[in-house]
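This briefing sets out selected features of one structure, grouped by topic. Please read the points below alongside the sequence and the coordinates.

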Amino acid sequence: MTSKKRVLTGYRPTGRLTLGHWFGNLLNMRELQEQYEAYYFVADWHALTSDWQDTHGVRRYTEEMVLDWLAAGIDPEKSVIYRQSDVPEVAELTMYLSMVAPMSWLERVPSYKEQREQITEKDLGNVGFFLYPLMQAADIVIVRGDLVPVGEDQIPHLELTREVVRRFNTQYGDLLPEPQALIAKEGARVPGTDGRKMSKSYGNAIYLSESEEETAKKVMSMVTDPARKLKSDPGNPDICPLHHIHKLVAPDPADIAEWDRCCRVAECGCVAHKKQLVEDLNAYLRDFRTRRAELAAEPGAAWDVLDRGAARVRPTVEALMGDVRRAMHIDAER
Ligand code: TRP
């Protein structure tokens, strides 16, 4: 038995990961696997809850995301990497939890209300979307997750999980572990090429696995300080997305201090700075990209890792579900 706590987190398969994911999640995931028993899963059923009208991408996006994880150094020897739908008991547990969870608790979840109001291009009136937070509770509990790294927006989901677990335990005996939030270290916010938050849906993303040429093209077209029209105008690095990204990837902080200085006094221009960022960013991502290309050339590399992960969670899942069924009198005993 290991005494390490088990950290668990899931991500929807959204396809190739961006530089925003690198600084927002991947570095943190890599660090957590050194300290904890890390469970990282692809939340493919969660993707269905909002994207049920177009499910074509799910399998391909799952593979892309796992390849990105592996190339980023999420190590399948250290971390358990699996796919939600390979653990069908998650659906069964979601159903049992749905018996004890009052509808009003789900209606109250802030992200539910917000997304119903704000996302108009998708039909989110389905029961699956409503059940989303309960399925998340099942994800966590089913492998006995102790700690869940969460950003601000996920705190209510974790609170709901804890409440549902307590209600279940009161009714059926103390079977389910109550997970805790691990307030995630605030990852760096990475601006996209247009200065807004980097996001696939804004079309402003730099993908980790894109080619050096693609990165170069994007960086050369990046927005800089909009008030700096001419090279002779002094610039303000504090509001320049180019500077922000450069700070994250420059090989030496002294380089940044110099670009900062020469921008403010209009000594250097944005084009020269862009060329430097192209060089530094491509150098920063080079090992990742080499490793990613090697993995992509190995047929089934991602699926093999997912299969092994699913096999590794099986004993925990079966033991827990056995207890749950027995406590609810849904077991095979005659
Ligand atoms: N809700 C998370 C998201 O949208 C994904 C997720 C599903 C998750 N199940 C989880 C996160 C369990 C942590 C724990 O990104």
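Angles from 65 to 115 degrees between axes count as roughly perpendicular. The model discussed here is predicted.

**Helices α7 and α8**

- Helix α7 spans residues 127-142 and helix α8 spans residues 155-172; their axes come within 9 Å and cross at roughly 70°.
- The two helices α7 and α8 are therefore roughly perpendicular to each other.
- On the α7 side, the contact is formed by Tyr-132, Pro-133, Leu-134, Gln-136, Ala-137, Ile-140 and Val-141. On the α8 side, His-157, Leu-158, Leu-160, Thr-161, Val-164 and Val-165 take part.
- By residue class, this contact of α7 with α8 comprises ten nonpolar residues, three polar residues and no charged residues.

**Surroundings of the ligand**

- The residues around the ligand include Leu-8, Thr-9, Gly-10, Arg-12, Phe-41 and His-46. Also among them are Tyr-132, Gln-136, Asp-139, Ile-140, Val-148 and Gln-154.
- An N or O atom in the side chain of Tyr-132 is 2.5 Å from an oxygen atom of the ligand.
- The side chain of Gln-136 has a polar atom 3.0 Å from a nitrogen atom of the ligand.
- For Arg-12, a polar side-chain atom lies 3.4 Å from an oxygen atom of the ligand.
- Tyr-132, Gln-136 and Ile-140 are among the residues around the ligand, and they are also among the α7 residues that meet α8.

- With a relative accessible area of 3%, Gln-33 is buried, because buried means under 20%.
- A polar atom of the Gln-33 side chain lies 2.8 Å from the backbone oxygen of Gly-73.
- The side chains of Gln-33 and Ser-79 make a polar contact at 2.7 Å.
- Leaving aside residues up to four places away in sequence, Gln-33 touches Ala-38, Tyr-40, Gly-73, Ile-74, Asp-75, Lys-78 and Ser-79.

- Not counting residues up to four places away in sequence, Asn-28 touches Ala-184 and Lys-185.
- Asn-28 and Pro-149 are separated by 121 residues in sequence, while their C-alpha atoms are 9.4 Å apart in space.

Note on methods
Residues are numbered from 1 along each chain as its sequence is written. This is a predicted model: local features need pLDDT of at least 70, side-chain atom pairs count only at pLDDT 80 or more; totals for chains, interfaces and linings use all residues. Side-chain values use heavy atoms; hydrogens and water are left out. Buried means under 20% relative accessible area, exposed over 50%, partly exposed in between (1.4 Å probe, protein chains only). A polar contact is a pair of N or O atoms within 3.5 Å; within protein, one must be able to donate a hydrogen and the other to accept it, and residues adjacent in sequence count only if both atoms are side-chain atoms. Contact means heavy atoms within 4.5 Å. Axes are lines fitted to C-alpha atoms, for helices over the stretch in contact, and angles run from 0 to 180 degrees between N-to-C directions. Helices (H or I, at least four residues) and strands (E, at least two) are DSSP runs, numbered from the N terminus. Angles under 35 degrees count as roughly parallel, over 145 as roughly antiparallel, 65 to 115 as roughly perpendicular and the rest as oblique. Ala, Val, Leu, Ile, Met, Phe, Trp, Tyr, Cys and Pro count as nonpolar, Asp, Glu, Lys and Arg as charged, and the others, Gly among them, as polar. A residue is near a molecule or strand if one of its heavy atoms lies within 4 Å of it.
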